[in-house]
Amino acid sequence: MTISQEHRQHAEDLIEFIDQSPTPWHAVETLASRLQKEGFAPLDEKDRWTLSEGQKAYVIRGGSSLIAFQIGSKPPADVGFRIIGAHTDSPGLRIKPQGMDQQDHLVRLGVEVYGSPILATYGDRDLSLAGRVTIKEETQLTHRLIRFKKPLLRLPNLAIHLNRHVNDEGLKLHLQTELPLLLGRSSDLPEGFFLTVLAEALSVSKEQIRSFELGVYDTQPGGFWGADEEFIAHRQIDNLASCHASLLALLEHTNQSQTVVCAFFDHEEVGSQSYQGADGRFLSDLLERLHFTSEIRHHPEDLHRSLARSLLVSADGAHGFHPNFPAAFEPHHHVRINEGPALKLNVNQRYATNGDGEAVFRHLLDMAEVPGQIYVHRNNLGCGSTIGPLSASRLGIPTLDCGAPMWAMHSIRESAGVLDQLWLKKLLAAFLSDG
Ligand SMILES: [Zn+2]
């Protein structure tokens, strides 16, 4: 398989994007810094905004969701919005606030399970901590991101001699008792050690730390694999690959007539019902403000006219066909890695795409000159979902669900195809410029 320089460079950039983003807070910081470099200005939801044609800006809610937009020359009531939605979070383990536990000379950190990770993949990996700490500085509370680069933690597997049935029955981990992560020997770790480590890393006193939100991440950087290095492996490909493709599509957007919006939401993996999630008000609030803070005078009906003319693409990973497990896949809808982004269809509306959405998808493939595929889940397996149906029902905007195929979704080390990443970006760029 030949991998062009353009495909390779795009995948290298994606790997770097994920390397920099071990948590949703870091992902938002990575997005914000790339947006700022390209002239997008940060806005605060607490301020009064004045927006004008051609303006590029972004707004962050809750530190882990971000919406970026570029104002077009034509009123949205005449041409609608073009919106892409993706999610910044990935399933995994989060540290409990009082998680330090001593057992037989060893200190372990207690964890909560966030979303639905494949827990067995956390065994024997070089794990560490990253997240956000709230600091009291004089009278103010501020947030600081933190990331330990060296592997601090581990979940060693039980030897096969002590777990003889592991290969027949699969690795089952008890959620409460068998997930705490080993941190060190208790004789070396005094009381309050954990806060001390956080305080030292942030150059503050222990007393200044008011709270921490820390996730467990795999310190191994992303990389290429396969005979021609045609695949990538990394944590969080679901859904940082879609965030990265959406970001680049927005950054290269030049069509000035339509207002384009890219929304990057936290909390998709836990149902999106939150202050900053896709089932909350963040995107609808933003679209309203894009109306009422622009220079154009509006008729009260205009917002609804705009929404009626808008389209949303929900970009999220698709399940690539795995030849070792053919029974898990619908036989006539194999979606193959490196054969193009997949449109996701589900008549029960676990995916938001309808017949019109499928027609739009085919049109975008033609425009972008990329191959594409159609994914349908097997009837006898429960289907996952995306932010697509939530944002479609909340906003009343027709939506299509699509994304690059991948293997091992929700593993700590997922895989995907090099070719599909650039193709997804081209598809999303075509969507933004097609107004
Ligand atoms: Zn996802």
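1. A salt bridge here is a side-chain nitrogen of Lys or Arg within 4 Å of a carboxyl oxygen of Asp or Glu. By that rule, this predicted model has 20 salt bridges.

2. The chain contains 11 helices and 20 strands. For 435 residues, a compact globule would have a radius of gyration near 22 Å, and the chain agrees with its 22 Å. The C-alpha trace spans about 70 × 60 × 40 Å along its principal axes, and 53% of the residues count as buried.

3. On charges, the chain carries 40 positive and 54 negative ones, and their mean positions are 3 Å apart.

4. Now to arginine 61, which is worth a look in your viewer. Its salt bridge with glutamate 45 has the closest N and O atoms 2.9 Å apart. Glutamate 45 sits in the loop between β1 and β2 while arginine 61 is in strand β2, so the pair ties together parts 16 residues apart in sequence. Glutamate 45 is partly exposed at 24% relative accessible area, whereas arginine 61 is buried at 7%.

5. Arginine 61 also meets aspartate 285 in a salt bridge, 2.9 Å from N to O. Because aspartate 285 belongs to helix α7, this pair ties strand β2 to a part 224 residues away in sequence. Aspartate 285 counts as buried, at 18% relative accessibility.

6. Elsewhere, glutamate 137 and arginine 144 form a salt bridge at 3.7 Å, N to O. Salt bridges with shared partners join Glu45, Arg61, Arg281, Asp285 and Glu288 into one network.

Definitions and conventions:
Residues are numbered from 1 along each chain as its sequence is written. This is a predicted model: local features need pLDDT of at least 70, side-chain atom pairs count only at pLDDT 80 or more; totals for chains, interfaces and linings use all residues. Side-chain values use heavy atoms; hydrogens and water are left out. Helices (H or I, at least four residues) and strands (E, at least two) are DSSP runs, numbered from the N terminus. The radius of gyration is taken over C-alpha atoms; the globule rule is 2.2 Å times the number of residues to the power 0.38. Buried means under 20% relative accessible area, exposed over 50%, partly exposed in between (1.4 Å probe, protein chains only). Lys and Arg count as positive and Asp and Glu as negative; His and the chain ends are not counted. The place of a charge is taken as NZ of Lys, CZ of Arg, CG of Asp or CD of Glu.
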